[in-house]
Structures are given as structure tokens and as C-alpha cells.
Amino acid sequence: MKIKFNPRLDYQIEAVESLVKIFEGQELCRANFSVPSVGGQMELGKNYNDIGVGNRLSLVDTEILENVRKVQLENGLPQAKDVNDIKSMNFSVEMETGTGKTYVYLRTIFELNKCYGFTKFIIVVPSIAIKEGVYKSLEITSDHFRNLYDNTSCDFFVYDSQKLNQVRSFATDDSIQVMIINIDAFRKSFTDPEKEDKANIFHRSREELSGAKPKELVQATSPILIIDEPQSVDATEKSKDAIESLNPLFTMRFSATHKEVYNLVYKLDAVDAYEKQLVKQIEVASVKIDDGNNRPYMCLKKVDYKKTPIIAKIEIDKREKSGDIKRKAVTVKDGKVNDLYELSGGRDIYEGYIVDHIHGVESKEYVSFTTKEDILEIGKPVGEVDKTEFQRLQIRKTIEEHLEKELRLKSKGIKILSLFFIDKVANYRSYDKDGNVLPGKFSIIFEEEFKAFAKKPRFKSLFNPKEVSVSELHDGYFATDKKNRVKDTKGNTQADEDAYNLIMKEKEKLLSFESKLKFIFSHSALREGWDNPNVFQICTLNETSSVMKKRQEIGRGLRLAVNQEGEREYGFETNTLTVVANESYEEFVFKLQKEIEEDSGIKFGLVETHVFSNIKMKDSVGKEVYVGAENSQKIWNFLKEKEYINEKGRAQDKLKLDLKDDKLEVPEEFKQQKSQIESVLKKITKGLSVKNAEARTAVELNKRAEIQDDFKQLWDKIKYKTRYRLDFDPQELITHCANEIKNTLVVPRTFAEVVKVKVDVGKGGVEAIDKREQKYVIEDKSFFLPDIVSYLQNETNLTRKTIVDILVKSERLDDFRKNPQRFIDEVQKIIKGRMRHFIVNGIKYHKIEGAEYYFQEVFESKELTGYLEKNLVKSQRSIYNYVVYDSDIEKKFVEQFESNDEVKVYAKLPHKFKIDTPLGGYNPDWAVLIEKNDESKLYFVVESKGTNVLDELRPSEKAKILCGEKHFEAIDSDAEFMVAKDYDDISKVVLSK
């Protein structure tokens with residue numbers, strides 16, 4: 001099967017034309033020069049028998065500048081200012097990975113030859129991997145370009161210092177000549193003639209070239225350079241000098257991630273590619289462990305060594321006030337007493353983890369402890385659930401995603417491939433002492449998991465296990481040693497080159513159903529050397545959190561899929577790349593956005609001054625022209641004056657709100673272009689969160705006299721404070737707790753939750769959408785059993801004897817060994833729940849003697865603010881001129897209070913108004929005064945909930961409400977305390993009075 005190429009893709013044609021138009025007006029011409037014949041004199045300049053053919057440029061700088069500016073205007077890009085900007089004759093093209101960057105520059109070669117007669121081209125690459133990839137691309141596109149360009153001859157080769165006759169042919173042949181060369185092949189020694197005998201062969205006089213240096217023959221051709229991934233090719237001054245030493249006619253620079261941009265003439269960035277569906281949509285499936293808190297998990301996230309003292313962020317499993325365990329980052333400071341036991345909320349498994357030292361040397365950061373041997377390094381977790389089980393789940397999820405896509409896409413003739421990145425080859429393949437091949441743990445796990453899926457009826461139609469053995473479905477691509485044994489490498493050795501050759505030879509073969517191989521394991525060092533349009537799953541199985549850049553990772557599978565005819569398939573419904581990550585999807589999305597910003601210069605949510613320049617308008621005679629850079633600046637200045645953007649161009653909340661409400665203002669002279677301007681701005685602001693700064697409002701007391709008088713009456717009814725005492729039977733508590741644990745306790749095994757989200761890439765940023773979850777059990781047994789009695793004693797304040805009695809009588813201690821931490825947490829909740837019940841039944845409140853009470857000034861002691869349309873409602877009946885609400889339920893109550901004339905005054909009770917309970921302070925929601933039939937006044941304290949049935953509330957909520965009820969009974973107030981789900985509940989009570 002051969003991949004077919006579509007010559008009519010608009011965006012690729014636009015990219016090619018953008019480069020060709022730079023030289024509009026160039027005549028068909030070439031330069032000739034003399035080349036020493038083989039067997040002639042040993043010095044260049046004598047015995048010239050051969051004629052070399054080179055490129056020649058007839059345009060002057062001002063003509064090229066005019067062409068460049070015209071191209072940049074058409075493409076909506078910043079324009080070159082003067083001839084100094086183009087002196088270097090470097091021109092940049094930005095194209096997102098997977099959109100056909102290599103195809104574009106290869107087609108540009110043919111188009112430049114067709115239009116201007118240029119014949120000599122050198123493609124400079126940064127690595128062995130890309131070199132092999134480019135050569136393979138020239139091979140598989142050769143027939144395509146011959147058909148497209150009337151059988152125009154094109155010779156291409158990879159520079160090899162052992163085959164210098166190819167360099168001679170490059171100089172002398174008059175057909176299109178393409179040399180592919182690694183920057184390392186000519187970067188070394190070219191500036192040091194005294195070391196010529198030791199210099200790189202490219203810079204040495206060679207007998208087979210009649211004494212000429214390969215470099216000299218190349219220089220004489222004035223080659224057109226194509227730099228693939230310039231951010232890696234000429235990132236140093238030495239590399240830049242080496243590039244210039246080739247005497248290029250001009251240079252075209254292609255990348256998705258330019259570090260330096262020279263005269264950008266075409267741009268198709270990550271956002272453009274995603275919005276036009278030119279690459280696969282990305283899904284992230286991340287694994288989160290739940291109920292796996294049986295060992296001290298720690299991960300050093302960050303060390304800030306620029307501060308004094310040095311500060312570190314350590315992620316741990318922390319117990320919240322609710323009793324739940326949450327994974328959170330805590331801050332520790334060097335030289336201070338940092339006890340992870342205290343920072344974890346008193347969790348026993350962290351006992352002894354007291355920070356001894358924070359090492360703040362860049363790239364060598366670590367944290368050590370006083371009495372523990374653990375050393376925390378950046379991004380390397382300690383105390384996680386068994387890593388192999390975690391990786392097993394990643395492999396299982398990858399196989400599942402793979403098979404699900406096969407079910408959907410096999411009928412379209414699309415073969416599905418999955419790619420696993422590993423950082424230790426031994427995890428996939430190893431050897432015994434006699435050199436016999438042994439399967440690594442990933443190989444074993446893969447086959448076990450695949451066989452399990454093969455038995456499921458859902459996937460029965462996909463394969464016949466009797467016809468294909470599982471071992472034929474997966475293989476690895478790794479560098480090998482002299483004994484042909486696989487090994488770990490860094491991706492830049494001869495062994496790696498051999499591995500790349502193998503990968504590239506099988507690139508098209510893998511797309512065919514005839515090849516049984518579907519699951520590919522690769523060393524992470526080989527990641528940039530290979531991609532395939534039909535990679536639909538990428539799984540990172542590194543021993544530590546992913547250190548691979550997100551864009552490198554997903555780049556291996558971004559290309560649109562091809563069917564068995566070699567034709568591209570379009571649309572996200574077919575093209576979705578699932579990344580099974582070893583980090584949270586939130587981290588993945590955050591890092592991806594950060595990398596896009598750093599690599600491509602995209603500034604999400606930023607309106608740049610040139611962004612409107614290629615909007616169409618009509619001039620004074622009705623001719624359609626571009627708005628241009630000057631007018632684009634005018635529009636930008638107007639947006640700034642209207643405070644739609646700030647001085648840096650950052651989109652403000654006002655802009656998004658006006659776009660949403662169709663209230664956008666534009667300059668009068670560009671009224672006809674309003675829809676185009678809106679379209680540009682909507683793309684930029686998509687996904688940006690909004691808090692309308694103009695809607696931020698200060699909340700003040702309502703000064704109306706009648707409100708103040710009515711509220712004083714209401715306040716006098718509810719302002720008093722109380723004390724409480726408790727009385728209950730401990731033996732009865734033991735019996736109830738033991739019975740509830742025995743009959744209701746559920747202790748699940750440790751499980752993993754796989755969260756899958758789609759990644760939406762827009763001008764406003766990268767965000768996760770369409771969240772879905774699955775749960776899987778994980779076997780986790782490598783932990784120690786904590787001191788359960790001491791733990792529960794600390795949490796409940798009951799005696800050790802009481803705790804022991806409860807546990808023994810419950811007859812459930814066997815479950816403690818299954819998941820110790822979850823057992824402790826659940827038992828603690830049951831005991832505390834029973835204690836709440838006993839507390840509520842046995843609690844008695846009494847009014848504090850001396851009539852101690854809350855002063856009305858609690859309503860004035862704190863400045864309140866809120867956002868209109870967010871959490872603020874204007875009020876006529878409240879003690880305040882606005883009411884700040886915390887939930888939709890509260891908002892509904894405010895609207896109902898405001899719309900009922902019988903409500904004379906109401907107030908959201910301030911946080912300082914708290915009723916003491918054994919479970920902590922309780923703050924009711926509302927105080928309300930209602931006048932019935934314009935006669936009697938009724939006073940209420942209302943707790944607003946989604947239900948008025950107490951048993952449907954959380955136990956702690958219910959207990960506090962019951963305590964509140966007893967508090968108001970004790971102050972002997974006329975105010976009635978109640979729970980309500982809406983104002984109708986209050987009205988019913990009013991009617992009954």
C-alpha cells in the first residue's frame with residue numbers, strides 16, 4: 001500500500017505560493033562554474049574539465065522587499081519594514097506538526113524550479129531521525145511530483161562522507177539536485193584551517209574531488225537552503241556561521257516551533273490546524289488512584305531557590321476537615337521545622353517525615369528528611385500505588401481504546417496503530433546470561449491484557465485468536481549493540497540510525513491490513529524519528545512522570561489517518577488521538593498550552609496590532625483591497641480606547657461581554673467590516689473566563705429608615721448567645737457504633753479512575769471538554785498496617801478502651817487488612833456520625849446570663865463586594881443595597897424575598913453570627929421579618945437547602961441544624977427557626993399562624 005498525496009489542499013498550496021511569490025519578477029537563469037575533473041590537478045583552479053551548474057538571483061533587495069510585504073499582507077502577518085529586514089535572505093514558514101510541512105517544502109522545490117529554473121537545494125536537518133524521515137518522504141512522493149510536474153527529474157541523496165561522488169554530481173548535474181545533510185556533518189572544524197588534517201571531511205581537500213573540498217563545490221552552486229526544525233539546527237552562533245558558510249542564495253526555514261522568526265511569510269499554527277481539522281483531535285485519558293492512601297505519598301513539584309529561605313512545594317495526601325483524603329501541594333521552607341505529619345492533617349503514615357534540607361541548585365533540586373532515607377526529586381513520586389499495576393492499567397486502557405476504534409473504523413479500511421513510549425528497553429525485552437531473549441514486564445502485561453480483551457464478546461468480530469498469535473501483534477523498535485541486542489540510547493548514535501532505518505522502511509507496510517503488527521513499543525529517545533498517520537493511541541509508560549514535551553508526544557500521532565487506498569480521511573469523528581498519560585489531564589492540558597505559547601509564540605487571548613490587516617474592504621473606487629497594517633493599527637487603537645483591550649493587547653472582560661451581547665463598537669470608517677472584526681475577536685476570546693470588572697460593586701447598608709427600624713425589631717429577637725452541655729451513655733455509644741460498623745461498613749479495594757477529556761484548542765487557550773470517567777480495581781498490597789487504635793483515639797477523643805471495644809464488637813477487623821486507610825476513614829465517619837446523634841439527643845442549650853448577644857455592628861464590620869450577573873442581586877428589602885449570594889438556591893431565595901410584599905426586611909446573616917455546637921460553629925442563612933395581613937409581624941431564621949427533609953442532608957449538616965433549633969428554643973425568642981427549600985415553605989408557616 002502506498003500513501004497518496006492530495007495536490008489540491010488549499011493551505012499547502014497557499015504555503016508554497018507564499019514562498020514562490022517572494023521572487024516574483026525573477027527571470028529563468030542559472031550560473032555556471034568550472035569543476036576540476038577526476039584525475040586532474042590536486043588543486044582547485046587547475047585543469048577544469050567539468051561545468052558546474054548553480055542558482056542565480058537577478059532581483060534586487062527592494063524588489064524582494066516589496067514582494068515579501070505583499071505576501072505578508074495577504075496572509076495577515078507582521079510586515080517587513082525595510083531592506084535591512086530581508087538582508088539575511090531568510091524566510092520563515094510556520095506549520096503545525098502533522099499538516100504536511102515536509103510535503104510543502106518538497107513541492108516548493110519543484111515550483112521554484114518550474115518558475116525560476118533553480119536547481120540546487122540543500123535540506124539541513126538537526127538529527128539522524130529527521131534525516132531518515134526526509135529521505136523517506138522524498139522516496140514516497142517521487143511519483144507524485146513526477147506526475148504533477150511533467151516528469152521533471154529530481155535526484156536526491158543523503159550526504160555521506162564515504163560517497164563524495166554524489167557531491168560532484170550535485171554540483172555538475174543540471175536537473176533538480178537535493179542533498180539532505182545533518183548539521184553535525186559540516187558544523188565541526190570549518191573555521192579552523194590549521195586543523196584541516198583533523199577536520200570534518202566536509203571541510204577537507206579530497207583526492208576523489210581532485211583536491212577540492214566538498215564545501216567548496218557546494219558553495220559554488222549558491223544552493224537554496226531548506227532548514228527543517230531551525231530551532232534545533234542553528235540554535236548556536238557556530239551553527240549559524242556553518243549555515244552561512246554554504247553560501248546560500250536564500251534560506252527557507254520550516255518549523256512548528258520557531259525560536260527565531262525571520263520574515264514570516266506563512267503561518268498555520270496549532271490553533272489554525274485544530275480549527276480547520278487538519279490534524280487529529282486530541283483526547284487525554286489520565287489515571288487517578290482512589291483509596292490508595294495506605295503509604296506516605298510524596299512528590300516534589302517545585303523548588304524556588306530565588307527566595308530566602310528556599311521554598312519547596314511537596315504534594316502529599318492530606319486529610320481535609322471533612323475527613324476526606326485529598327492530594328494537595330504543601331509549602332515547606334528551608335531552615336524551618338516542616339513536619340509532614342502536621343501538614344498532612346495528622347496522618348500517622350507521615351510520622352517522622354520532618355524536612356532536613358531543601359537543595360536549591362538548578363536541575364539538582366531535592367528534599368531530604370531527618371530520620372527517613374527517602375530523597376524527593378522533582379517530578380519523581382515516592383509512595384505511590386505499585387507502579388507496575390499503574391502501568392498495567394495504562395496498557396489495558398490503551399488496548400481498550402485501540403479495539404474500540406477498530407470496531408468503528410475497520411469498515412472504512414483504516415488500520416489502527418498504538419504507540420507505547422518506554423524509557424528502559426529492559427522493561428520490554430531483556431536477555432539471560434546466555435543471550436537468549438526474554439520478555440520484559442511490559443511485553444508480559446500486554447499479552448495478558450490483550451488475551452483478556454480477546455475473550456470479550458464485544459470484540460469477537462475483530463480477530464480470530466487461532467489465526468494470529470498475540471506475540472505477532474506487538475513489537476519494539478530499539479537501537480542494538482554489536483551482538484544485535486537491544487539497548488538504551490539517547491537517539492543520536494549509529495545504532496539509533498539503524499533503528500530509524502528499520503522504522504522508516506516499515507512505515508507504509510504498517511498501514512496495511514496485511515501486516516499483523518498493531519502495537520509498537522519504542523524507546524523515548526526515538527520519539528521524534530518516526531510518526532505514522534494511523535497512530536491513534538499514544539501511551540507513556542515511563543518510570544517517572546512524563547518528562548517528554550507534550551507537543552513531541554502528541555506529534556507522533558497528529559497526522560490525519562489514511563485508508564487502505566492510501567487516501568486521507570478527514571473529520572474529527574474519524575481522527576481522534578487518545579493520549580494515555582501518566583499524569584492528570586489538568587496537568588497535561590496546562591503543559592500543552594504553556595508549550596504552545598513558548599514554542600510558537602501564540603499569545604492566547606492577545607489581540608495583536610496586525611491581526612486585522614488581511615480583512616477585506618473596498619477602496620474609494622470600489623476595488624476590493626486589504627485593510628492593511630496601518631488600518632489594523634487604527635482598529636487596535638480604537639479597541640484600546642474603548643477599554644476592550646489593555647495596553648499590551650490583552651482581551652478584557654468588557655470585550656467578551658459586548659461580543660456576547662452583540663454590542664461591539666468599531667470605528668465608524670470600518671462599520672462595513674464589523675462582522676469580520678467580530679469574527680477575529682471571537683476566535684481570540686473563545687474560552688476566556690469572564691468576571692466583568694465594571695460589574696464589581698461595593699455592598700453598603702440600606703439607609704432607608706423603615707428598613708432600619710424593621711431590622712432592629714428582627715435583630716432584637718435573634719441576637720442572643722447560648723452555651724451548651726452534653727449528657728449521654730458511653731456503653732450505649734459503643735453498642736450503636738459496633739452494630740453500624742458490622743452491618744453497614746463498605747471497604748472497597750484500591751481503584752483507579754480513568755478520566756478522559758477532549759482537548760479543545762482555540763485562540764483563547766487550551767481547555768478540557770467532554771469529561772468521561774471509568775473505574776478499575778488495582779491490586780495494592782505493599783503497605784504497612786498503621787496503629788488504628790491511636791489514630792481513631794486522636795480523631796474522636798474517645799478512650800483507647802472504648803475504641804478497642806467498638807472494633808472488637810464490630811467483628812469487621814479482617815477488612816482492615818484489605819485497605820487499612822479506607823477502613824480507618826470509614827470507621828471514623830461512623831463513630832463520629834453516631835457521636836453526632838448522641839450529641840444532638842443529649843445536648844442542652846441555655847441563654848448566657850447577663851443577656852450576652854451579638855451587636856448589630858457585625859453587619860458593618862466587613863466590606864462586601866460582588867459581581868453583577870455573577871453573585872450579586874440589587875435589593876429593596878434587604879439590610880444591604882445588594883445581596884451577595886453563594887449558590888443558585890440562595891439566589892432563588894433573594895428573588896422570592898424581593899418579589900413578596902409581605903417581606904418587610906431580610907438579611908443574609910454574616911459569618912460572625914455563629915451558634916456554638918460540638919461540631920463547630922453553625923451560621924444560619926437568613927433572618928426574615930414578615931408582616932401578615934398588614935397587622936402581625938412574624939420573625940424567622942431560615943436555613944435554605946435544596947430539601948426541607950433533614951434526613952436527606954449530610955449528617956454533619958443535619959446535626960448542626962438540630963443544634964441551631966435547640967439554640968433558638970433556649971433564647972425563648974419569638975423568631976421561628978426552620979429549614980426551607982423555597983419561599984413557599986415559609987409562606988405555609990405564615991398561613992398557619
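This is a predicted model: local features need pLDDT of at least 70, side-chain atom pairs count only at pLDDT 80 or more; totals for chains, interfaces and linings use all residues.
**Around Thr99**
- Thr99 sits in the loop that links β3 (90-95) to α4 (101-116).
- Its side chain reaches the backbone oxygen of Glu96, at 2.6 Å.
- Leaving aside residues up to four places away in sequence, Thr99 touches Tyr11 and Gln12, then Leu268, Ala273, Leu278 and Val279, plus Arg559.

**Helices α26 and α28**
- The axes of α26 (residues 820-842) and α28 (residues 955-970) come within 10 Å of one another and cross at roughly 10°.
- That crossing angle makes α26 roughly parallel to α28, since angles under 35 degrees get that label.
- On the α26 side, the contact involves Arg836, Val840 and Asn841.
- From α28, they meet Pro955, Ser956, Ala959, Leu962, Cys963 and Lys966.
- Sorted by class, the contact between α26 and α28 has five nonpolar, two polar and two charged residues.

**Helix α6**
- Which residues of α6 (residues 165-172) are buried? They are Val167, Arg168, Phe170 and Ala171.
- Looking down the axis of α6, these buried residues fall within an arc of 155°, so they line one face of the helix.
- As background, an α-helix has 3.6 residues a turn, so residues three or four places apart point the same way.

Methods. Residues are numbered from 1 along each chain as its sequence is written. Side-chain values use heavy atoms; hydrogens and water are left out. Helices (H or I, at least four residues) and strands (E, at least two) are DSSP runs, numbered from the N terminus. A polar contact is a pair of N or O atoms within 3.5 Å; within protein, one must be able to donate a hydrogen and the other to accept it, and residues adjacent in sequence count only if both atoms are side-chain atoms. Contact means heavy atoms within 4.5 Å. Axes are lines fitted to C-alpha atoms, for helices over the stretch in contact, and angles run from 0 to 180 degrees between N-to-C directions. Angles under 35 degrees count as roughly parallel, over 145 as roughly antiparallel, 65 to 115 as roughly perpendicular and the rest as oblique. Ala, Val, Leu, Ile, Met, Phe, Trp, Tyr, Cys and Pro count as nonpolar, Asp, Glu, Lys and Arg as charged, and the others, Gly among them, as polar. Buried means under 20% relative accessible area, exposed over 50%, partly exposed in between (1.4 Å probe, protein chains only). The arc is that of the directions from the helix axis to the C-beta atoms.
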